[in-house]
Amino acid sequence: MPVARIESLDHEGRGVTHHEGKVIFVDGALPGETVDFSPYRRKSSYELAQISRILRSSPQRVTPRCRYFGYCGGCSMQHLDVSAQASVKQRVLEDALWHVGRVKPETVFAPLVGPGWGYRYRARLSVRYVARKGGVLVGFREKRSSYVADMDSCEVLPPHVSALLPKLRTLIDGLSLRDRLPQIEIAIGGEREEQMTVLVFRILEKMTAADEAALRAFGDAQRVLIYVQEGGPETATPFWPLPMPELAYSLPDFGVRLAFAPTEFTQVNHGINRSLLRRAMSLLAPQPGERIADMFCGLGNFSLPIASLGADVVGIEGADALVKRAARNADANGLGERCRFAVANLFDTSEQSLAKLGHFDKMLIDPPREGAVELCKALPHAADDAAPQRIVYVSCNPATLARDLAVLVHEKGYRVRGAGIANMFPQTSHVESIALIERN
């Protein structure tokens with residue numbers, strides 16, 4: 001059986017080593033460890049493998065808290081000390097910036113970290129009726145599989161949501177459409193005694209009167225709000241109780257409160273989102289009289305803090321529903337006069353379409369995983385007075401961040417003043433990051 005010393009971790013949290021001219025990715029292995037490994041997929045230049053035996057263990061290895069770790073695909077790094085996870089993710093970010101973009105930040109920001117457990121205020125659970133496993137399964141997907149993991153708890157969900165998993169199994173098992181209910185989306189808003197938990201049941205056929213009664217009773221007993229969704233996210237409608245109170249989260253540092261629908265995008269980790277916003281506003285430094293663009297603005301998570309600091313904001317987003325939500329949030333917080341929101345496809349940005357928006361002193365970019373390469377290409381050269389003097393880029397994908405920064409640095413003449421990670425998803429390999437880019 002082959003033996004190897006693990007050199008590093010990749011962007012999916014797998015140990016990386018080399019053996020007989022191939023790169024080997026070893027599930028569950030940590031840097032510095034010596035392991036026996038067994039390949040389960042072979043390609044010409046690399047292999048995917050699992051540990052057969054750990055011959056020398058890393059001092060950073062810990063016992064996973066969750067009994068489903070390694071079976072459930074929701075987490076990939078519970079075997080690594082949570083403080084070390086941030087260091088590993090910082091290394092993944094720096095490696096991506098250099099190897100993909102040939103970019104090196106002048107400063108490495110200290111990582112933004114928070115609690116390692118119970119942080120996940122948003123989640124999408126899969127549901128499947130499996131007779132041979134005794135009924136309904138509710139949870140995340142199994143590792144390397146489309147099957148639903150057989151689980152009764154989850155350590156990254158808040159404890160009160162984790163406790164719902166076996167109760168949801170029992171509830172759905174008693175419904176007439178137990179095999180026509182593939183998904184439950186969870187969204188949590190508010191704090192402490194004002195906290196609200198919403199469950200959005202995705203249903204593929206109409207409920208019977210008995211089904212409806214069971215859902216209402218479950219909502220009352222578990223003190224959760226229930227939506228049903230018969231089609232796409234836009235079809236999610238309040239079911240119980242009625243009238244339905246509004247979901248929202250607050251940003252106390254900026255004195256704003258943002259309302260949202262349970263199927264609209266918000267960050268899963270409220271604590272890290274607040275830390276990320278503090279850093280973003282510190283780097284962007286909005287000033288009264290400045291005109292600042294918030295690209296991929298969503299429901300106003302960055303727009304409203306920028307406006308609260310006195311700048312005028314133009315928020316651009318591809319989804320009409322989110323643009324309307326952002327405008328309502330601005331008005332509700334008394335910031336409507338400083339905010340303007342518009343719908344545009346930022347993946348199809350050109351120099352002409354960007355110029356039509358007018359001059360921006362600064363810009364914040366917070367794209368999805370696909371990044372913002374067309375937007376970066378459309379920006380004026382940093383030597384042009386029309387170019388934003390400062391850009392803050394928030395990313396959820398180091399590879400596309402590196403690609404986009406390469407455009408800004410090598411084609412547009414900007415400098416990367418600093419970059420660092422925010423551990424938005426502890427116990428997983430997901431890398432959230434923030435970078436500051438400036439004109440010379």
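This is a predicted model: local features need pLDDT of at least 70, side-chain atom pairs count only at pLDDT 80 or more; totals for chains, interfaces and linings use all residues.
Student: How many salt bridges does the structure hold?

Tutor: A salt bridge is read from a side-chain nitrogen of Lys or Arg lying within 4 Å of a carboxyl oxygen of Asp or Glu. By that reading the structure holds 28.

Student: Which residue forms a salt bridge with Lys362?

Tutor: Glu290 does, with 3.1 Å between the closest N and O atoms. The pair links distant parts of the chain, 72 residues apart: Glu290 lies in the loop between α5 (270–284) and β16 (291–295), and Lys362 in strand β19 (residues 362–365).

Student: Are Glu290 and Lys362 buried or exposed?

Tutor: Both Glu290 and Lys362 are buried.

Student: Where do Glu246 and Arg257 sit in the chain?

Tutor: Their side chains meet in a salt bridge at 3.4 Å, N to O. Glu246 is in the loop between β13 (237–240) and β14 (248–251), while Arg257 is in strand β15 (residues 256–259), 11 residues apart.

Student: Why is Glu246 called partly exposed?

Tutor: The label covers values between the buried limit of 20% and the exposed limit of 50%. Glu246 is partly exposed because its relative accessible area is 44%. Arg257, at 43%, is partly exposed as well.

Student: What joins Arg417 and Glu438?

Tutor: A salt bridge of 3.0 Å, N to O, between their side chains. It links strand β21 (residues 415–422), which holds Arg417, to strand β22 (residues 432–438), which holds Glu438. Arg417 is partly exposed at 23% relative accessible area, whereas Glu438 is buried at 11%.

Conventions. Residues are numbered from 1 along each chain as its sequence is written. Side-chain values use heavy atoms; hydrogens and water are left out. Helices (H or I, at least four residues) and strands (E, at least two) are DSSP runs, numbered from the N terminus. Buried means under 20% relative accessible area, exposed over 50%, partly exposed in between (1.4 Å probe, protein chains only).
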